[in-house]
Amino acid sequence: MQKALFDEYQRLQTGESTRAVAYLRLRRALQNLMDAGVLRPGQALPSERDLANLLDLSRVTIRKALAGLIEAGLLVQRQGAGTFVAERILRQFSRLTSFTDDLRERGLNPQVKFLERTVGEVTPEESMALNLSPGSGVVRMYRLRHVDGSPIAIERTLVPYSLLPDPDSVTTSLYEALEAYGNRPKRALQRLRAVALDEEAARHLELPVGSPGLLVERRAFLDDGRVVESTRSYYRGDAYDFVAELQSE
């Protein structure tokens, strides 16, 4: 990895020899290696001293370059352990999968903490979201999602009680529980937008109030058109990427 970093840093020296921009070259070199997969999620970087010796830069310059990538959420520092490539999670917009499915496919360990799990009579607003008649039953779940012990997302989910008669059957994956009843979603409409995290979301995600986040709203449907899920999720903006494959006609 050190040779790859040295070569990439040298390649970016396009006539610029002043150390005033050296930290920007180093920042770009590291990001290019991450984009190319040379630096992988969870991989440790060399120490500041080793980087300084490798590139003939001051430790102040090294620290400034790393700080920009840490602020952008691409690197993380662990007290007493060093600096690591952040474990960013990619989620496909083109496939209807659960949070748990996404993480397991990437070899990660998803966990969930239930903050609320209740059954009640649908409210007028919930009736609109789920296309339910007044008086129908609804399952309400409020879940904090973790990956390897770190909070990643917080979700409020509504499911018709008729499609999930035992809410306690949901352990980690809602879709696995729905599948057991023959009610796994077949399609969904999803909307994403950038937000500043409010006090409640920031507290659960262990971030300062106003930190960047992603709000994802999803309505999922069965083959017959019934709404099986309405979920409103807040994701950490520094740990999650949503990607979509686009094709021309």
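**Group meeting: a walk through the model**

Okay, let's start with a hairpin. Strand S1, residues 75-78, and strand S2, residues 82-85, pair in the antiparallel sense over four bridges. For pairing, DSSP has to find at least two bridges between two strands. Helices and strands here are DSSP runs numbered from the N terminus, with helices being H or I of at least four residues and strands being E of at least two. Glutamine 77 sits opposite threonine 83 in S2. Three residues lie between S1 and S2 in this hairpin, and glycine 80 in the turn has a positive phi of about 80°.

Quick housekeeping. This is a predicted model, where local features need pLDDT of at least 70 and side-chain atom pairs count only at pLDDT 80 or more, while totals for chains, interfaces and linings use all residues. Residues are numbered from 1 along each chain as its sequence is written, and side-chain values use heavy atoms, leaving out hydrogens and water.

Now, helix H3, residues 48-55. Which residues of H3 are buried? They are Glu48, Leu51, Ala52 and Leu55. By buried I mean under 20% relative accessible area, with exposed being over 50% and partly exposed in between, using a 1.4 Å probe and protein chains only. Looking down the axis of H3, those buried residues fall within an arc of 100°, so they line one face of the helix. That arc is taken from the directions from the helix axis to the C-beta atoms. Over on the other side of H3, Arg49 and Asn53 are exposed. And what do the buried residues of H3 pack against? Helix H1 (2-11), helix H2 (22-35) and helix H4 (59-71). Contact, by the way, means heavy atoms within 4.5 Å.

Threonine 61 is buried, at a relative accessible area of 14%, and it touches Ala22 and Tyr23, if you don't count residues up to four places away in sequence.

Most residues other than glycine have a negative phi. Aspartate 56 is in the loop between H3 and H4, and it's exposed, with a relative accessible area of 55%. Glutamate 206 isn't a glycine either, and its phi is positive, about 60°. You'll find glutamate 206 in the loop between helix H8 (199-205) and S8, exposed at 59% relative accessibility.

One more loop residue: serine 162, between S6 and helix H7 (174-180). Serine 162 is exposed too, at 61%. Serine 162 and glycine 137 are 25 residues apart in sequence, yet 7.2 Å apart in space, C-alpha to C-alpha.

Last stop, the second largest pocket, with a volume of about 370 Å³. Of its 18 lining residues, the closest to the centre are Arg156, Leu158, Ser230, Thr231 and Arg232. Elements giving two or more residues to that lining include helix H6 (124-130), strand S5 (137-147) and strand S9 (227-236). The lining splits into five nonpolar, four polar and nine charged residues. Charged means Asp, Glu, Lys and Arg; nonpolar means Ala, Val, Leu, Ile, Met, Phe, Trp, Tyr, Cys and Pro; the others, Gly among them, are polar. As for "pocket", on a 1 Å grid over the protein atoms alone, it's an open set of points where a 1.4 Å probe fits, with protein on both sides within 12 Å along at least five of seven lines; lining residues have an atom within 4 Å of a point. The volume is the space filled by probe spheres set on the points, which are joined across faces, edges and corners.
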